[in-house]
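Please read the points in order with the structure in view.

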Amino acid sequence: NWAGDPQVGMAAYGLASAFLFAGVNSYIGTVWPIPERSSAMFAKSFFHALVHGLSVGECVREARREVIEKRGAGDLVWASYVYYGDPSYQFPQLAAE
């Protein structure tokens with residue numbers, strides 16, 4: 001059982017809101033602190049999908065899938081990442097290549 005602080009989730013939402021209100025169109029954050037190894041795996045998969053033209057939502061899904069596949073569903077890093085923004089958004093400069 002995870003005995004984390006429920007206020008961590010509120011802090012993540014607050015930080016995401018600050019970025020969104022400041023004008024960014026996409027924000028990815030974690031709900032709780034995560035181990036570096038799993039975080040690196042998520043990031044590598046996410047950016048690999050991003051440079052291949054997938055939407056941000058698809059990139060998050062692919063990164064979650066890879067963490068589950070390689071680390072198991074019990075490694076809840078896949079669930080920690082939350083995307084705030086339009087999941088269909090593609091970076092124009094990457095999508096055109």
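Predicted model: local features only at pLDDT ≥ 70, side-chain atom pairs only at ≥ 80, totals over all residues.

**Notes on the model**

1. Lys70 is exposed, with 52% relative accessible area, where exposed stands for over 50%, buried for under 20% and partly exposed for values in between (1.4 Å probe, protein chains only). Lys70 pairs with Glu66 in a salt bridge whose closest N and O atoms are 2.8 Å apart; the term requires a side-chain nitrogen of Lys or Arg within 4 Å of a carboxyl oxygen of Asp or Glu. Glu66, at 18% relative accessibility, counts as buried.

2. Residues are numbered from 1 along each chain as its sequence is written, and side-chain values use heavy atoms, with hydrogens and water left out.

3. As to overall organisation, the chain has five helices and two strands, arranged along the sequence as α-β-α-α-α-β-α. Helices (H or I, at least four residues) and strands (E, at least two) are DSSP runs, numbered from the N terminus. Of the 97 residues in the chain, 29% are buried. Among contacts between residues at least 6 apart in sequence, 68% join residues at least 24 apart, a contact being heavy atoms within 4.5 Å. The chain exposes about 6,300 Å², of which carbon and sulfur atoms supply 60%; areas come from the Shrake-Rupley method with a 1.4 Å probe, and for residues only the protein chains shown count as cover.

4. Further charged pairs deserve attention. The count of salt bridges comes to four. One of them links the side chains of Arg65 and Glu69 (3.0 Å, N to O). These two residues are also four apart in helix H3 (residues 56-71), and so about one helical turn separates them. Arg65 is partly exposed at 39% relative accessibility, whereas Glu69 is exposed at 57%. Another salt bridge joins Asp75 and Arg71, with the closest N and O atoms 2.9 Å apart. Asp75 is buried at 14% relative accessibility, and Arg71 is partly exposed at 34%. Through shared partners, salt bridges join Glu62, Arg65 and Glu69 into one network.

5. Which residues touch the most other members of the largest nonpolar core? They are Phe42, Phe46, Leu50, Val56, Cys59, Val60 and Val67, out of 13 residues in that core. H2, H3 and S2 each supply at least two residues of the core. A nonpolar core is a set of buried Ala, Val, Leu, Ile, Met, Phe, Trp, Tyr and Cys residues joined through side-chain atoms within 4.5 Å. With neighbours within four places in sequence left aside, Cys59 is in contact with Phe46, Ala49, Leu50 and Leu54.

6. Four aromatic pairs are found in the structure. The ring centres of Phe42 and Tyr81 are 3.6 Å apart and the planes lie at 0°, so this pair is stacked. Phe42 belongs to helix H2 and Tyr81 to strand S2 (residues 81-85), so the pair ties together parts that are 39 residues apart in sequence. Phe42 is buried at 3% relative accessibility, and Tyr81 is buried at 9%. The rings of Tyr89 and Phe91, with centres 5.2 Å apart and planes at 75°, form an edge-to-face pair. Tyr89 is partly exposed at 24%, as is Phe91 at 27%. Rings of Phe, Tyr and Trp (its six-membered ring) pair if their centres lie within 6.5 Å; planes under 30 degrees apart count as stacked, over 60 as edge-to-face and the rest as tilted.

7. Is Ser45 buried or exposed? Ser45 is buried, with a relative accessible area of 8%. Ser45 sits in helix H2 (residues 36-51) and, neighbours within four places in sequence aside, is in contact with Glu62, Ala63 and Glu66.

8. A nonpolar surface patch is formed by Leu15, Phe19, Leu20 and Val24, with about 300 Å² of accessible area together. Patches consist of residues with over 30% relative accessible area and no salt bridge: like charges are joined within 9 Å, nonpolar side chains (Val, Leu, Ile, Met, Phe, Trp, Tyr) within 5 Å. Val24 is placed in the loop between helix H1 (7-21) and strand S1 (26-30), and is partly exposed at 34% relative accessibility.
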